[in-house]
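We will go stop by stop.

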Amino acid sequence: MDYLVLPDAPRRPLHAPTNALADQLAAFATLPPDDQAALLKVLDALVTKTKLRALTTDAS
């Protein structure tokens, strides 16, 4: 309602979209360094798996 009364008030969306990844990345920053390293290894493994799957699918 502020934006109706005050000319410089910022407008907010009626329904803010959720961004689960951004929320998780914010939480990631609060983890201990060893947990962060473990999660990065898991992410690296998943990315590598996807790349290998793409290579083997293309070769078939």
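Start by colouring the chain by confidence. This is a predicted model, and its pLDDT averages 84 over the chain. At least 70 is the score of 78% of the residues. Now select helix H1, residues 2–5: confidence is lowest here, at a mean of 62. Then select H3, where confidence is highest, at 94.

Next, switch to a cartoon view. How many helices and strands does the chain have? Count 3 helices and 0 strands. Follow the chain along its sequence and you read the pattern α-α-α.

Now show the surface. The chain has about 5800 Å² of accessible surface. Carbon and sulfur atoms account for 64% of that area. Of the 60 residues in the chain, 2% are buried.

Keep the surface on and look for the largest pocket. It holds about 220 Å³ of space. Helix H2 (20–28) and H3 are the elements that each give two or more residues to its lining. Which of the elements gives the most? Select H2: it supplies 5 residues to the lining. To see the lining itself, select Leu21, Gln24, Leu25, Ala27, Phe28, Leu31, Leu39, Val42, Leu43 and Leu46.

Stay with H3, which spans residues 33–59. Select Leu40, Val42, Leu43 and Leu46 together. These four form a nonpolar patch on the surface.

Last stop: zoom in on Val42. This residue is found in helix H3.

How values were computed: Residues numbered from 1 in each chain as written. Predicted model: local features only at pLDDT ≥ 70, side-chain atom pairs only at ≥ 80, totals over all residues. Heavy atoms only, no water. Patch = residues over 30% accessible without salt bridge, like charges linked within 9 Å, V, L, I, M, F, W, Y side chains within 5 Å. Areas by Shrake-Rupley, 256 points an atom, 1.4 Å probe, with all protein chains shown as cover. Salt bridge = Lys/Arg side-chain N within 4 Å of Asp/Glu carboxyl O. Helix = DSSP H or I, 4+ residues; strand = E, 2+ residues; numbered from the N terminus. Buried < 20%, exposed > 50% of the residue type's maximum accessible area, 1.4 Å probe, protein only. pLDDT = per-residue confidence, 0-100. 1 Å grid on protein atoms, 1.4 Å probe; cavity = no way out; pocket = protein on both sides within 12 Å on 5 of 7 lines; lining within 4 Å. Points joined across faces, edges and corners; volume = space filled by probe spheres on them.
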